[in-house]
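Please open the model in a viewer and keep the selection tool at hand.

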Amino acid sequence: MAPGSTQTLLGRKIVLGVSGSIAAYKAVGLLRLLMREGADVSVVMTEAATRFVGPLTFEVLSRRPVATDLFAARQEMLHLTLPEWADAVVIAPATANQIAKYALGLADDLLSALVLNTSCPLILAPAMDGNMWDHPAVTAHREALRQRGVTVLEPEEGPLASGRVGKGRLPDDTVILSAIEQRLFPRLDWRGQRLLVSAGPTQEAIDPVRFISNRSSGKMGYALAQAARERGAEVTLVSGPTALTVPPGIHYVPVCTAEEMDKALTAHFAWSTVLIMAAAVADFRPAQASSTKLKKRKEALNKLDLEPTPDILERLSLRRTSQTLVGFAAETEAVLPQAKDKLVRKGLDLIVGNNVLAEGSGFGSDTNEAVLVDREGGVTELGLLPKRVLADRILDVISTLPCAIKRSAAAKKPPAAGNKN
Ligand code: CTP
């Protein structure tokens, strides 16, 4: 077994479709990862993809011929036989053009014809320029595919080949692997749980055009919401303003201020079995927001009277009946002692601490390095992970908390004899 591999895909057959994006070279790394996990991988490339990477690279690594042409492959009918052979079809990178073809049912090359014949799980890992990803046509196509049960991963943010910075980078190999695993072996271990999760920043008005806020992107909270949903939980996501797409199947409650977040969470708290407070709630707000725009010549904008916002987690902790409570501690120093202090002060079962100044961690980034501390003193250090993968690890740890196990056993216990309710 290759070092670091858990062979989760041993004996699984995967078609890896590579389409014509500059990110095609990254599919080589993905192929190696899939092979290391024990998968048998057959690569199909579009003609455009072959301009970025030679098929020979994939042939040598996959130890299989690489198919590129619908007509050259006509005798073997690869567009029919490959999807029948496969346990999963993964397109990485998936260009805007390929995504459009799948949404519309076009089949003018081997890869799109193959997709049209696919009934096993289909996973798309898009890569394109940010403007293309945001285009209404691309948005409509990916939503249509998601409605049909296709997994369309969110691209990562960062520097793009165009020189711009935006959302469009191919998702990390480990995110793609975890999506394949999730589709092949759906874990429904959170079925029966009702997760209430907060995400993003809050905005506290100074006047109608200005506010106090923070750098939270909401990515961690959204990743947790998506992971729990995919694992069978009912999920309510209370989110401050973010630029993120709400994952499918989630009850979404948009809020703006700490007070609105407090109200929304309080309203849903009794319903929930688990609360994860991933939002970065503003700690202070202007004592008096102006109803009209403050004028720099007239008003003293150099002085703001602030008042504290409610500590939502502390308040909810006092109202808890049987909920498991999870908080976050985003710190810039002494993460572990500060996280432990907040765990006790806020009466939590688990806290997720991280250093927002560490490389690859913190607000806005797609990755995070977290340390988890539970109320029994257990400490779990998780290395630098994509937030979507970290979300699953956090859910794994929550499931093993003594309080969560006790509560889920109590929930599953049949009612006592004679009790008809
Ligand atoms: N939190 C909250 N309400 C607030 C502030 C924070 O519910 N008004 C929650 C956060 O969502 C997080 C946890 O409390 O889950 C810790 O938040 P953090 O900002 O790290 O801690 P604070 O208690 O605000 O302390 P400090 O800012 O001094 O570090």
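Select helices H5 and H8 of this predicted model: H5 passes H8 in a left-handed crossing. H5 covers residues 96–104 and H8 covers residues 136–147; their axes lie 9 Å apart, and the packing angle is about 50°. Because of that angle, H5 is oblique to H8. To see the contact itself, display the side chains of Ala96, Ile99, Ala100, Tyr102, Ala103 and Leu104 on H5, together with Val138, His141, Arg142 and Leu145 on H8. Of these contact residues, eight are nonpolar, one is polar and one is charged.

Next, select helix H1 (residues 26–36) and helix H9 (residues 173–184), whose axes come within 10 Å and cross at roughly 50°. H1 is therefore oblique to H9. What is the hand of the crossing of H1 and H9? It is right-handed. The contact of H1 with H9 comprises six nonpolar, two polar and two charged residues.

Two backbone details come next. Select Ala92 and Pro93: the peptide bond that joins them is cis, with omega near -5°. Pro93 belongs to strand E3, which runs over residues 88–94. Then move to Arg63, in the loop between helix H3 (55–62) and helix H4 (78–85). Its phi is near 60°, a positive value in a residue other than glycine.

Finally, colour the chain by domain, with residues 13–184 as domain 1 and residues 194–411 as domain 2. The C-alpha centres of domain 1 and domain 2 are 34 Å apart. How many residues of each domain are in contact with the other? Ten residues of domain 1 touch eight residues of domain 2. The area buried between domain 1 and domain 2 is about 790 Å², with 51% of it on carbon and sulfur atoms.

Definitions and conventions. Residues numbered from 1 in each chain as written. Predicted model: local features only at pLDDT ≥ 70, side-chain atom pairs only at ≥ 80, totals over all residues. Heavy atoms only, no water. Axes fitted to C-alpha atoms, helices over the stretch in contact; angles between N-to-C directions. Helix = DSSP H or I, 4+ residues; strand = E, 2+ residues; numbered from the N terminus. Parallel < 35°, antiparallel > 145°, perpendicular 65-115°, else oblique. Left-handed = near helix turned anticlockwise from the far one by under 90°. Contact = heavy atoms within 4.5 Å. Nonpolar A, V, L, I, M, F, W, Y, C, P; charged D, E, K, R; others polar. Domains from an automatic or database assignment. Buried area = accessible area lost by both parts, 1.4 Å probe.
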